[in-house]
Amino acid sequence: MSALLECRKLTKRYKTKEVLNQVNLTLESGRMIGLLGPNGSGKTTLIKMINGLLTPTEGELLFCGGKIGEQSKRHISYLPDQTYLNMNQKVRDVIAFFEDFYEDFEKERAYDMLKKLQISADDRLKTLSKGTKEKVQLVLVMSRRAKLYVLDEPIAGVDPAVRDYILKTIISNYEPEASVLIATHLIADIENVLDEVVLIQNGRVMQHLSVDEIRSQKGKSVDAYFREVFKC
């Protein structure tokens, strides 16, 4: 394994409010990582900075040793927490758009996932249920041959059956040498697929440890340990 993402005293400040405060964090390749914390902890801000949507106030953020920018966006596949697609388009239209936009996007891979998820490429997005729209967005993200997949609340707001589909799609389609960073509140639903977790609160990384450590040294599930740390 090698360093994929490095945060060095990373800080994001809006006037006098610090959303991220002196974050030091290293993520390696080939890992499933949970980014966990209560509301307002800084998870989405960190994710947006990884994807170049926000810039640091102080500190440094590196991807594969280089600064976040055009080159990193070629290798980071991002699923935001809100829908960003044109609802008037057909599923096949957004697949064609992603194929044109991303060099590492594989159309055949996308259509294979659609088939397994029983989604018609001829359906317009506005006619789909919330859960199916979530699946389509995930198909687009996971059809890239990325080095890092960043998923912000990929299973929020959908029923348990859809969550299972989404998690299965993530596990079955990400690159073995890549890493997946998942931000979620639904810890019990994902902890069995995680290798490690980053616990964040008030813009600070509280702990970064492996799931095996939590289970063997703490004697708890990830969900139970999260509740203990944050007094949920």
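In this predicted model, strands S9 and S10 pair in the antiparallel sense, and six bridges join them. Within this pairing, valine 198 stands opposite histidine 208 of S10. The two strands form a hairpin with two residues between them. Asparagine 202 is placed in the loop between S9 and S10. The phi of asparagine 202 is positive, about 50°, although this residue is not a glycine. Asparagine 202 is also exposed, because its relative accessible area of 59% lies over the 50% cut-off.

In H9 (residues 222-230), the buried residues are Val222, Asp223, Tyr225, Phe226 and Phe230. These residues lie on the same side of H9, because they cover an arc of only 160° around the axis. The cover over them includes strand S3 (32-36), helix H7 (187-190), strand S9 (196-201), strand S10 (204-210) and helix H8 (211-217). Lysine 231 follows H9 and has a positive phi, near 55°.

Phenylalanine 226 and phenylalanine 230 are both buried. They are four residues apart in H9, so about one helical turn separates them.

The structure holds six of them. One is formed by phenylalanine 97 and phenylalanine 101, which is stacked because the ring centres are 5.6 Å apart and the planes stand at 20°. These two residues are four apart in helix H3 (residues 91-101), so they too are separated by about one helical turn. Phenylalanine 97 counts as partly exposed, with 47% relative accessibility. Phenylalanine 101 counts as exposed, at 55%. The pair of phenylalanine 226 and phenylalanine 230 is tilted, with 4.7 Å from centre to centre and 50° between the planes. Phe97 and Phe101 also belong to one aromatic cluster with Phe98, Tyr102 and Phe105.

Helix H3 is in turn part of the cover over helix H4. In H4 (residues 107-116), Arg109, Ala110, Met113 and Leu114 are buried. Their arc around the axis is only 140°, so they lie on the same side of H4. The cover over these residues includes H3, H5, strand S7 (148-152) and helix H6 (160-173). The face of H4 turned away from the buried side carries the exposed residues Glu108, Lys115 and Lys116. Glutamine 118 follows H4 and has a positive phi, near 60°.

The nonpolar interior was examined next. In soluble globular proteins, nonpolar side chains tend to be buried together. In this model, the largest nonpolar core has 49 residues, and Ile170 and Val197 have the most contacts inside it. Helix H5 (residues 130-142) gives the most to this core, contributing six residues. Leaving aside residues up to four places away in sequence, isoleucine 170 touches Met32, Leu138, Met142, Leu151 and Val180. A second core is separate and has 24 residues, among them Leu10, Met49, Ile50 and Ile76.

An open sheet of four strands was also found. Its order is S2-S1-S4-S5, and the pairing is antiparallel. Strand S2 (17-28) and strand S5 (66-67) are the edge strands, each pairing on one side only. Strand S1 (residues 3-14) and strand S4 (residues 58-63) run antiparallel and are joined by five bridges. Leucine 5 has phenylalanine 63 of S4 as its bridge partner. Helix H1 (residues 43-50) lies across S1, S2 and S4 and runs at about 120° to S1.

Strand S1 also contains lysine 9. This residue is not a glycine, yet its phi is positive, at about 50°. Lysine 9 is exposed, because its relative accessible area of 52% is over the 50% cut-off.

Definitions and conventions: Residues numbered from 1 in each chain as written. Predicted model: local features only at pLDDT ≥ 70, side-chain atom pairs only at ≥ 80, totals over all residues. Heavy atoms only, no water. Core = buried A, V, L, I, M, F, W, Y, C linked by side-chain atoms within 4.5 Å. Buried < 20%, exposed > 50% of the residue type's maximum accessible area, 1.4 Å probe, protein only. Contact = heavy atoms within 4.5 Å. Arc of directions from axis to C-beta. Phe/Tyr/Trp six-rings, centres within 6.5 Å; stacked < 30°, edge-to-face > 60°. Pairing = 2+ DSSP bridges. Axes fitted to C-alpha atoms, helices over the stretch in contact; angles between N-to-C directions.
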